[in-house]
Amino acid sequence: MKMKLSVSKVAGGCRLGMLTNLGKKGIQHMDIPGCLLYTKMGSAPHLTHDTLETVKDVPVIAQLPFPALVELQEVMEEYKEGIGRFVGMPDSVMYCSLHDPAVISPPGYNNNKTVSIWGFGGRMEMTPAKFMTIQRALQPDWFQCLSDGDTIAGEVSKKRAKKSVDRSLSFLDECLQLQEEFPELQKSVMIGVIEGGDVLEERLRSAKETAKRPVGGFLLDGFQGDAMAKDTKLELLSSAVAELPEDKPRLIHGIGRPDEVLELIERGVDVFESCFPYQVTERGCALSFSYSYLPDPDGDVPEENGEPNMEESKDKKTKNKILSGAEGMTAFEICLKEKRYRDNFGPLVSGCSCYCCQNHSRAYVHHLLMTNELLAGVLLMMHNFQHYFAFFRSVRDALKEDRLDKLKESICRQAVQASPNTQRV
Ligand SMILES: [Zn+2]
């Protein structure tokens, strides 16, 4: 059975729906808007399969970055049963993305014949033939096609943007032809990649041409990072999405902040990564934003934020916060490394039902972080994943109940409220 996308509601550009017939057996489904489970090589960072099982709402599609899998080619050719079974996740839907979203690839290495991939052993040049031979060994359920997305580092010339589209279309055609020849990949879904940098005309051409090909979905690539102005990003995304058919999912990589996710959902994006909660974990932080869209009886400050020091920190000079926050920290999290959590015996977020919040305190996680205990990452990852997955559930519920504007209002208010936290000195 072929993967199917049923959109049950479109409101203000947002799409509510379900992807069905997923996976090799075609029995899995996923609600959209939704996110993927970020993994390093089939396992969620810091977590074993057992600990992951205690996390609620774990996405059915696991993302596996291609660079970490390249060296497995020979082993997988011998194993023959595909990467899902190999990593112990036979029931998950495996999506192989071209890059690891947590790793920034150095620019300037792609050419007309190859795309450079950065793995453990450094740079690897991928031709479509080599790329598809490795995919044949991995047998993922979904995979991102080889593409030239090297347009992220600031303004690109029109010529470079055109090149990224030309190359990506030619890689796509070559990969599609090879897929037809490989029986192992008959059930795999290829995700076509929309490139074009910040040049509208190229984005439109990329979207139109990719949509003509028999791909299973679309990845809107090259929007990672801060080099492109936000308004430009949103305009390009809207225009590109308008060229895509409605019955195929649209994915995006590298955008995970709750406020930005909501803006992209409004532009018709369906599937996001969950690299953001991983990055929050890596800086010793816990997601603490409220994703409630119901009226707040207590007024402006969301109680769900679980931030008992809110009043106190507002009184203090923001300077202190800037000095104590973790590098790259956003307004949606608290930094457990801060000294003020040393004797704070409350949960990370009050009311949170995750394993960490049910069993441990902020003070304990602070102690684990200070003593470099591996358990800190485990507990933070459990909380951050559950919090993030619940945010997506809340988005879908709000959309169902026509209250997405309320949720957006709340999220935007929180983004502004704690913004001094995110400014660098
Ligand atoms: Zn929690």
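Helices (H or I, at least four residues) and strands (E, at least two) are DSSP runs, numbered from the N terminus. This is a predicted model, in which local features need pLDDT of at least 70, side-chain atom pairs count only at pLDDT 80 or more, and totals for chains, interfaces and linings use all residues. Residues are numbered from 1 along each chain as its sequence is written, and side-chain values use heavy atoms, with hydrogens and water left out.

View 1. Along the principal axes, the C-alpha atoms fill a box of roughly 65 × 45 × 40 Å. Buried residues (under 20% relative accessible area; exposed is over 50%, partly exposed in between; 1.4 Å probe, protein chains only) make up 54% of the 425. Contact means heavy atoms within 4.5 Å. Among contacts between residues at least 6 apart in sequence, 70% join residues at least 24 apart.

View 2. The accessible surface (Shrake-Rupley method, 1.4 Å probe; for residues, only the protein chains shown count as cover) comes to about 18,700 Å². Carbon and sulfur atoms account for 50% of that surface. Side chains include 51 positive and 60 negative ones. Lys and Arg count as positive and Asp and Glu as negative, while His and the chain ends are not counted. The centres of the two sets lie 2 Å apart, with each charge placed at NZ of Lys, CZ of Arg, CG of Asp or CD of Glu.

**View 3. Cys-352, Cys-354, Cys-357 and His-383 carry the UniProt feature "binding site" (unreviewed entry).** These four residues spread over 32 residues of sequence, yet they cluster in space, with a largest C-alpha distance of 8.3 Å. UniProt positions follow the numbering used here, feature names are shortened, and annotations may be inferred rather than shown by experiment. Cys-352 sits in the loop between strand 16 (333–335) and helix 12 (355–359). Cys-352 is buried, at 12% relative accessible area. Beyond its neighbours within four places in sequence, Cys-352 contacts Cys-357, Gln-358 and His-383. Cys-357 belongs to helix 12 and is buried too, at 8% relative accessibility. Not counting residues up to four places away in sequence, Cys-357 touches Pro-347, Leu-348, Val-349, Cys-352 and His-383.

**View 4. Gln-144 lies in strand 10 (residues 142–144).** With 2% relative accessibility, Gln-144 counts as buried. Its contacts, leaving aside neighbours within four places in sequence, include Tyr-95, Cys-96, Phe-131, Ile-191, Leu-219 and His-253. Leu-172 is 28 residues from Gln-144 in sequence and 9.9 Å away in space, C-alpha to C-alpha.

**View 5. Helix 4 spans residues 128–138.** Its buried residues are Pro-128, Phe-131, Met-132, Ile-134, Gln-135, Ala-137 and Leu-138. An α-helix has 3.6 residues a turn, so residues three or four places apart point the same way. Just after helix 4, Gln-139 takes a positive phi of about 50°.

**View 6. Tyr-109 occupies the loop between strand 7 (93–97) and strand 8 (115–119).** Tyr-109 is partly exposed, at 35% relative accessibility. Not counting residues up to four places away in sequence, Tyr-109 touches Ser-116, Trp-118, Arg-123 and Asp-150. Tyr-109 and Asp-148 are 39 residues apart in sequence but 9.8 Å apart in space, C-alpha to C-alpha.
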